[in-house]
Every structure is written in C-alpha cells, then in structure tokens.
Amino acid sequence: MQKFDTAIAGILDLSKVMAPIEEAEGLPNPFYIDDKVFGAERQRLFFDTWACIGFAKDLVEPGCQRPLDFLGVPLFAVRDQAGELRVFQNVCRHRGMTLVEQPTCARVIRCPYHCWTYGLDGSLRATPHVGGPDIKHHPRIDPAERSLLEVRSTVWMDMIFVNLSGDAPDFATHVGKLSGRWREFMERPIYPGGDDSSFSLEVDCNWKLAVENYCESYHLPFVHPGLNSYSRLEDHYHIMEELAFSGQGTTVYDPKLDAEGRRFATFEGLSAKWDRGAEYIALYPNVLLGVHKDHFYSIRLHPLGIDRCREEVEIYYTDPEMLSPEWADLRRRNAEAWKEIFVEDVGVVEGMQKGRHAPGFDGGVFSPVMDGPTHTFHHWVASSFQPH
Ligand code: FES
Ligand SMILES: [Fe+2]
C-alpha cells in the first residue's frame, strides 16, 4: 500500500523528547500546529499501527454496513453472514465511487454508480451491462481480481481497530500488556448502555493534548474540584508502559449516583483490588479507557484536523439487566457525571493548543514526579519517528 512521506519529522530534533524524564523536553510546537507534521503523524502514528475507527455495537446484524472516515481515508465496516466484522476501503473497484454513504443493512454491497455488486465478504458478484446492454461479463473484467480491498481489522472490547498499512505486529501483541493488566475485565462480557450512554464532544485542540490531559492526575485539584473532593490527588497512582499506554488509577472509587443507594451490578468475581479501584488509561494512539467494578467506558479520539478533534464516548455495563428502563435514570446520571468531568477538561486542552503558537515555547518540561504518564506518551510519539 502506498505510504505517505514521514521524513518531515526527521528534520525536527526529537533527542530531547527521547531523553529520560529528568532531562526531557516535550514535543516541539510543530507537532501541534504544522500540517506537514500532522500528515507524517497520520501515517506513522495511525496508519502504521493499530487505531480505533469505531464501535462494533453500531453494526448489530449480518449485512449491517457503516461508513467510517479514518483521517480522510474512506473505509466501511460490515458484519458478514457469519457475524464477523470486516473492514474494507470504501471504494468501488470499477471507477472508484464510494460504496457505503450511510449506515444501512442489506445482503449485498451495491455501488450506486453502475450497480456493481459485492458480497458481504467483499467478492465481486455482479457487473450488469459490463459487456454491453444485458451482457453481464467482459473478458477484461475478471471478478476474482476485483474484490473489495479489505483492511486488517479486529474487535477488542467492542472497539473496531484497523492496521491500514497491514504490517504492524499482530493485535494480540499490540494490546498484550494492557490485556494482561486488565485480564479480569477482558474475560467478562460488556453491554453497551444505549443512547443515554453514548455522547461526543468536539474540542479545539490537537488530538495529542486530549491524550496528554487524560493520562495525568496532576491537574485534578485545579480542574476537577468536584471530583477531587472525594478522589484526591494522593489517592492516585501513575500507570506507565513504555511504547504502549499510560494513565492513572485511583484507590477510592465509590460511586454514589443515587440518593436511595441503588448501585449498578458489578462484574462477577473481580479481585479485591477493584472494590475501590478504577483505572484510566490511554492506549496509543487514540483510545482513552476507564475500568470500574460496575462499568467500562471507551473514548475514541477522532482527529478532525491538526487543531480539532472529536471525543466519542461509549459506556458499557456488566449485566443486561442494567440496560432496562428501570436503570435509565442511573445510566443517565453516570453519563452526565462523566460528561461534566470531560467538559471541565476542555478549557485546558484548548488553552494548551493556543499556547503552542507561542514561538518561544520549547515543548516544556516534565515534573519527574507528576508527569511520568505524559512523558511516556511523548516518548512513544518521538520513538515512532526514529529510523527503523
Ligand atoms: S464506479 Fe462502481 S459500478 Fe462503476
Ligand atoms: Fe481531567
């Protein structure tokens, strides 16, 4: 597959970002304001690795098809006859028309232009009039050579991940350390909460600032006074896995969403750590996750340009019973509580985006005590641009 030029990052000196935290500086300003760097990131940080493009819950039945934009690359996901989710480049092999314009369900994938028709497995099944009126074949067009272009994909914790380049290490390796850390959650089914548990925010900042802010707990007392009143800075710990993920955990998770003391069902059989533990981890590049004994959420970060991104939030519960109307008020309150916290962060991530236009800013410095998770992320970005 054609790769885009990533050499631009080579002319930026990233040695200070690669340095140990005590000596490191953050990523330089062009990583936040220069479209050429954004283009290089698109290839190196998104297309060459595994990135999340959507949620499997949005394609329930075989035949469901959904267009998904991946940083300007048109893709679509489809659930095939066997119930497996597959991802294809959203382009007809005839003259390049996009195939799936909006979410739909059908037994085939039909091009709206000249009606070439593909099976849910991507095979080209029909080419009407291709050899002239009412002639369905022509020697120039071999259907076996004109299947849809499938993209390497997998589903993990309901998120659809793709590796567009096709040559990243396999997904199990990519996610192995995190799967191990959260094994207890991975082994249990999760249930999407429905419309009241799904929302998105658009934010005027580079996507990396959303990751950086999510990773750290340092800002808690200043940006989240409500949260900090019961989950204080000192109740948090850092989580850092080089070249893979970083975040933070708390030891005092104790949700009180209901005055009458109702609580969501918890995942069965969790170890004692999770009685009051919760963890919040950014899986690089674009997934922000939260695990708790009674719910899981994932946020897909969708860059809309170098200085704007969308955060798509999906909340999941432990038990189908939690999806019933009797629990709707509590689900809504949970979603609102999270939304309030994420909205509290908007001012600082947008402020950091503006700050990146200050020509004298050198990428900043990291507190070796407080900023470890952010440094781990910057180190991953810089590492991704090292020659290999
Ligand atoms: S472009 Fe799709 S059938 Fe012609
Ligand atoms: Fe925050």
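The buried residues of α3 pack against α2 (30–33), β1 (51–55) and α11 (372–384). Here, a residue is buried if 20 or more other C-beta atoms lie within 10 Å of its own, with C-beta atoms placed from the backbone. Helices (H or I, at least four residues) and strands (E, at least two) are DSSP runs, numbered from the N terminus. The model is predicted: local features need pLDDT of at least 70, side-chain atom pairs count only at pLDDT 80 or more, and totals for chains, interfaces and linings use all residues. Residues are numbered from 1 along each chain as its sequence is written, and chains are lettered from A and ligands numbered from 1 in the order in which they are written.

Helix α3 spans residues 35–47. Its buried residues include V37, F38, E41 and F46. A kink of about 30° is centred on E41; the bend is the angle between axes fitted to the seven residues ending at a residue and the seven starting there.

Helix α11 also packs with α7 (residues 207–215), at an angle of about 145° and with the axes 8 Å apart. Axes are lines fitted to C-alpha atoms over the stretch in contact, and angles run from 0 to 180 degrees between N-to-C directions. K208, V211, E212 and C215 of α7 meet P373, T374, F377 and V381 of α11.

A282 is in contact with V211, C215 and F377, among others. The largest nonpolar core has 89 residues, and A282 is among those with the most contacts inside it. Such a core joins buried Ala, Val, Leu, Ile, Met, Phe, Trp, Tyr and Cys residues through C-beta atoms within 7 Å.

Methods. A residue is buried if 20 or more other C-beta atoms lie within 10 Å of its own, exposed if 12 or fewer, and partly exposed in between; C-beta atoms are placed from the backbone. Two residues are in contact if their C-beta atoms, placed from the backbone, lie within 7 Å. Lists of a residue's contacts leave out its neighbours within four places in sequence.
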